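This report covers a ligand site and the salt bridges of one protein model. The sequence and structure come first.

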Amino acid sequence: MVNGNGKPLKSKVSGFHELNADEKLELIKKFSDLTDEEQELLRKTGALDINKAEMMIENVIGTTEYPIGIATNFLINGRDYLIPMALEEPSVVAASSYSAKLARPMGGFVADADEPIMIGQIQLVGIKDLREAKKNILLKKEEIFDVANKCDSILVKFGGGVRDIEVREFETSRGNMIVVHLLVDVRDAMGANAVNTMCETVAPLLEEATGGKKRLRIISNLADRRLARSKAVWNKDDLGEETIEKILDAYELAVNDQYRCTTHNKGAMNGIDAVVLATANDFRAVEAGAHSYAARDGKYRPLTKYYKDEEGNLVGEIELPLALGLVGGATKTHPIAKIAVKILGVRSTKELAQVVASVGLAQNFAALRALATEGIQKGHMRLHARNIAVIGGAETREEIDAVVRKMVEEKAINASRAKEILEGMRKRS
Ligand code: MEV
């Protein structure tokens with residue numbers, strides 16, 4: 001058996017987790033033929049040092065970095081925000097800032113967010129009588145609340161805890177099932193740990209009540225009790241009536257066509273994920289929740305909505321679940337995430353969700369405006385060209401600028417042309 005590099009080495013490494021980060025890296029170096037330089041780069045961690053990284057996940061050999069850009073101009077609920085966004089894609093930060101700037105004269109973004117209620121699911125199988133089981137669960141409601149709340153006295157002290165339970169019945173090909181939803185106010189946490197612990201703790205009580213057997217006990221990432229919304233108005237005199245019509249045409253396609261709608265929502269997620277990542281929140285949870293919410297009525301729909309107000313200005317709205325945390329997760333331990341939160345100046349996860357939703361709307365609006373007018377490649381290509389110039393070997397800012405200028409002028413943006421231009425420049429100087 002050989003590995004990806006054609007070497008007779010196996011990926012089954014016993015005791016890998018017991019090695020320290022350097023030893024792990026040494027092994028990876030051999031397995032994957034890393035050069036000394038590559039090994040050194042992996043060793044060179046940034047603000048998140050190797051010890052902190054090892055507290056976060058297993059088998060750590062290094063850390064990775066993304067640029068953090070600041071989106072400017074955001075006025076949300078009358079408050080000014082500078083918004084850190086972490087991502088690898090050019091144009092996103094500039095586009096968000098541009099949308100926010102255009103929205104400012106009309107008051108910026110008006111946002112709100114629900115109370116931070118997360119849903120925990122407890123699955124019970126082998127239920128003989130669904131109605132009887134449901135009745136018995138509801139009779140035990142108070143006891144279930146008590147037992148669940150005892151799992152997290154700190155959460156309860158801060159005003160959180162179980163708010164309600166719901167019982168859902170399923171007749172499935174594997175027999176009757178009941179799923180109990182614990183609705184938990186998780187305050188400023190994302191909530192997965194608190195909710196999962198509660199689900200596991202109350203499950204035996206539910207077995208007793210139903211005569212069924214517990215199976216899954218886990219949070220639902222469809223956090224549809226924890227929605228965030230934002231709205232902005234873009235003035236028709238700034239945008240132009242023709243552009244507004246074109247944006248509405250673009251939106252209408254997303255409403256009617258799933259292929260377009262996926263990309264439409266991706267544009268919103270460009271902004272959302274970037275803030276979620278900068279604050280070290282769980283972007284997989286946010287992504288899963290957003291797309292599931294977009295398909296909540298069986299048809300995949302846009303997360304945003306556009307229409308004209310009475311004066312003919314363009315109104316944009318967004319609504320999506322945002323399960324974000326400020327306490328109890330990486331947001332509190334990742335040194336850069338902590339600074340990102342400080343830059344944002346948000347005081348609660350509700351406020352963070354309002355900001356994130358607003359960035360999602362701004363980003364989606366910017367994409368639609370660009371697509372409806374000059375297309376996105378013009379703005380995109382300039383930044384993309386910078387990356388290509390670097391890949392082609394440009395090192396200084398002057399070299400990068402000159403290579404980009406020439407490639408854009410020639411409309412030939414690729415690494416081999418970048419290399420040729422650079423060689424020509426270097427020969428001449
Ligand atoms: C690219 O990352 C995002 C867009 O494709 C979004 C959209 O098409 O609406 C520009």
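## Model and ligand location

The model is predicted.

## Shell around the ligand

The residues surrounding the ligand are Glu89, Arg260, Thr263, His264, Lys266, Gly267, Asn270, Ala367, Leu371 and Ile376. Sorted by class, this shell contains 3 nonpolar, 4 polar and 3 charged residues.

Two helices, helix 11 (258-278) and helix 15 (349-372), each contribute at least two residues to the shell. Helix 11 contributes the most, with 6 residues.

## Polar contacts and burial

For glutamate 89, a polar side-chain atom is 2.6 Å from an oxygen atom of the ligand. For lysine 266, the distance from a side-chain N or O atom to a ligand oxygen is 2.7 Å. For asparagine 270, a side-chain N or O atom is placed 2.9 Å from an oxygen atom of the ligand.

The protein buries 85% of the 300 Å² that the ligand exposes when taken alone.

## Salt bridges

There are 34 salt bridges in the structure. One of them joins the side chains of aspartate 80 and arginine 104, with an N to O distance of 2.7 Å. Aspartate 80 belongs to strand 2 (residues 79-86), while arginine 104 is in the loop between helix 4 (92-103) and strand 3 (109-113), so this pair ties together parts that are 24 residues apart in sequence.

Methods
Residues numbered from 1 in each chain as written. Predicted model: local features only at pLDDT ≥ 70, side-chain atom pairs only at ≥ 80, totals over all residues. Heavy atoms only, no water. Near = heavy atom within 4 Å. Polar contact = N/O pair within 3.5 Å; in protein donor to acceptor, adjacent residues only side chain to side chain. Areas by Shrake-Rupley, 256 points an atom, 1.4 Å probe, with all protein chains shown as cover. Helix = DSSP H or I, 4+ residues; strand = E, 2+ residues; numbered from the N terminus. Nonpolar A, V, L, I, M, F, W, Y, C, P; charged D, E, K, R; others polar. Salt bridge = Lys/Arg side-chain N within 4 Å of Asp/Glu carboxyl O.
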